[in-house]
Amino acid sequence: MKRARSLTSIAAIIMVVICAAAAHADEGADVDGAQAAARAWLAQIDAGHYGQAWNSTSAFFQHAMPAAQFEHSLDIVRKPLGAVTSRKLKSATYTTSLPGAPPGKYVVIQYRTDFAGKRDGVETITPMLDKDGRWRVSGYYIR
């Protein structure tokens, strides 16, 4: 009887480990997808294609900030910094909740970025998994 309980306990532990590994693998794939979306979006920003960048943001972002306001904000904040001379990944953190945002899948990505007019900047970009299953930027901040 003890042996049967031990085998049942071991089987339960193995299932928990397998499920945890599968969830971790899914998060890794999500982080990879979010980072690819962030890189593509940042390339549009770096090229000064702010309208195109807005078009590729999440529905949540577009609802929160009209295109004209987004372009104006980047003209004021991003454009004066000049060209990117270096951008290195600092962190990429998967989460399912963010303050002021609807529940969902998010990856908060930070880059250490040097611009022609500013060294040691930190760009925080937050892609979210949109309703159509594609990763799109839902937030961007430069410090």
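Modeller: Let's start with Trp 41, which is buried, its relative accessible area being 2%. Here "buried" means under 20% relative accessible area, "exposed" means over 50%, and "partly exposed" covers what lies in between, using a 1.4 Å probe and protein chains only. Please keep in mind that this is a predicted model, in which local features need pLDDT of at least 70 and side-chain atom pairs count only at pLDDT 80 or more, while totals for chains, interfaces and linings use all residues. Residues are numbered from 1 along each chain as its sequence is written, and side-chain values use heavy atoms, leaving out hydrogens and water.

Now to the partners. Across the whole structure, 3 aromatic pairs turn up. Rings of Phe, Tyr and Trp (its six-membered ring) pair if their centres lie within 6.5 Å; planes under 30 degrees apart are called stacked, over 60 edge-to-face, and the rest tilted. One of the pairs is Trp 41 with Tyr 140, edge-to-face, with 5.1 Å between centres and 70 degrees between planes. Trp 41 sits in helix α1 (residues 2-46) and Tyr 140 in strand β4 (residues 135-142), so their pair ties together parts 99 residues apart in sequence. Helices (H or I, at least four residues) and strands (E, at least two) are DSSP runs, numbered from the N terminus. Tyr 140 also counts as buried, at 17% relative accessibility.

Another edge-to-face pair brings in Phe 61 and Phe 70, at 5.5 Å centre to centre and 85 degrees between the planes. Phe 61 and Phe 70 are both buried. To put the picture together, Trp 41, Tyr 140, Phe 61 and Phe 70 make up one aromatic cluster.
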